[in-house]
Amino acid sequence: MYSREYEGSTLRFEPSGGLLHASLVMQDKETDSYWSIMTGDSIAGLYKKTPLRELPVGKKVQWKDWVAEHPDTLVLSVDGIEQGSFGYEHYFESDQGFAGLEAKDTRLETKQPIYSFLFNGKPYAVPFGAFVGGAAFSVEAAGEIFLYRPADAAIFYSTHAYRSSRFEKVDGYWRDTSSGARFDPAQAAFTGGQAGGPDKLSGFDT
């Protein structure tokens, strides 16, 4: 997720109709610059080769969960018609890649859902199956990350991600050793401890 604020202006984005490496390219109405959602920088136009500011954390939810949390939300619709089905069922059931694309990296299965993030400028990807119920991973020599998804999570569920010096599992619960905060699956958050617990990790599900 990126900020719309750029050099003192608020950019208004819309889909450009184009794709880059099978990922959406946005276009701002103010300068007609084109922006890749995967890299966060402009690939053409006035702002070419300049990046947007990445926001700390993004959240992805299903509509039923959003409206339960924000019941006064208004939605723009066309003739009051809603799409009630999941539009990507055929895509996930198919063995084919998007628009005939084929993955050359065989470390993961085709179209396997992952959580991806940058750490010290280096990209990482962790498949969902590796952290169902919570798991900690060492990242270089700079510490560890903790990722969590419940066992029954829908594809739309946002992975909860944190970074700290070390995480450990004690008596069936995950704990941040630096703050003493304990992960509560019911709240999908670290609670208790000192200084509010570990920092949230910025990344996204794909």
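**Salt bridges and surroundings**

User: How many salt bridges does the structure hold?
Analyst: There are six salt bridges in the structure. Keep in mind that this is a predicted model.

User: What does Glu30 form a salt bridge with?
Analyst: Its partner is Arg12. The closest N and O atoms are 2.7 Å apart.

User: Where do Glu30 and Arg12 lie?
Analyst: Both are in loops. Glu30 is in the loop between strand E4 (23–28) and strand E5 (34–36). Arg12 is in the loop between strand E2 (9–10) and strand E3 (13–20). The pair therefore ties together parts that are 18 residues apart in sequence.

User: What is the relative accessible area of Glu30? And how does Arg12 count?
Analyst: Glu30 has 35%, which makes it partly exposed. Arg12 is partly exposed too, at 45%.

User: Which side chain does Asp65 meet in a salt bridge?
Analyst: That of Lys64, at 3.3 Å from N to O. Lys64 is exposed, with a relative accessible area of 54%. Asp65 is at 37% and counts as partly exposed.

User: And which one does Glu168 meet?
Analyst: Arg166, with an N to O distance of 3.2 Å. Glu168 is partly exposed at 22% relative accessibility. Arg166 is also partly exposed, at 40%.

User: Which residues do salt bridges with shared partners join into one network there?
Analyst: Arg166, Glu168 and Arg175.

User: Switching topic. Where is Ser3 found?
Analyst: Ser3 sits in the segment before strand E1 (5–6).

User: Is Ser3 buried or exposed?
Analyst: Buried, because its relative accessible area is 7%, and the cut-off for buried is under 20%.

User: What does the Ser3 side chain reach?
Analyst: The backbone nitrogen of Glu5, at 3.1 Å.

User: Which residues is Ser3 in contact with, leaving aside neighbours within four places in sequence?
Analyst: Leu52, Arg53 and Leu55.

User: Now Ile114. Which strand is it found in?
Analyst: Strand E7, residues 114–119. Ile114 counts as buried, at 14% relative accessibility.

User: What separates the C-alpha atoms of Ile114 and Phe204?
Analyst: A distance of 8.5 Å. Along the chain, the two residues are 90 apart.

User: What else is Ile114 in contact with, leaving aside neighbours within four places in sequence?
Analyst: Besides Phe204, the list has Asp205 and Thr206. It also has Leu108, and then Ala125, Val126, Pro127 and Phe128.

User: Zooming out. How many helices and strands does the protein have?
Analyst: Two helices and 17 strands.

User: What does the C-alpha trace span?
Analyst: About 55 × 45 × 40 Å along its principal axes.

User: What share of the residues is buried?
Analyst: Buried residues are 25% of the 206 in the protein.

User: And the contacts? What share joins residues at least 24 apart?
Analyst: 34%, counted among contacts between residues at least 6 apart in sequence.

User: What does the accessible surface come to?
Analyst: About 14,000 Å². Carbon and sulfur atoms account for 52% of that surface.

User: Last one. How many positive and negative side chains are there?
Analyst: The protein has 20 positive and 28 negative side chains. The centres of the two sets lie 5 Å apart.

Note on methods
Residues are numbered from 1 along each chain as its sequence is written. This is a predicted model: local features need pLDDT of at least 70, side-chain atom pairs count only at pLDDT 80 or more; totals for chains, interfaces and linings use all residues. Side-chain values use heavy atoms; hydrogens and water are left out. A salt bridge is a side-chain nitrogen of Lys or Arg within 4 Å of a carboxyl oxygen of Asp or Glu. Helices (H or I, at least four residues) and strands (E, at least two) are DSSP runs, numbered from the N terminus. Buried means under 20% relative accessible area, exposed over 50%, partly exposed in between (1.4 Å probe, protein chains only). A polar contact is a pair of N or O atoms within 3.5 Å; within protein, one must be able to donate a hydrogen and the other to accept it, and residues adjacent in sequence count only if both atoms are side-chain atoms. Contact means heavy atoms within 4.5 Å. Accessible areas come from the Shrake-Rupley method with a 1.4 Å probe; for residues, only the protein chains shown count as cover. Lys and Arg count as positive and Asp and Glu as negative; His and the chain ends are not counted. The place of a charge is taken as NZ of Lys, CZ of Arg, CG of Asp or CD of Glu.
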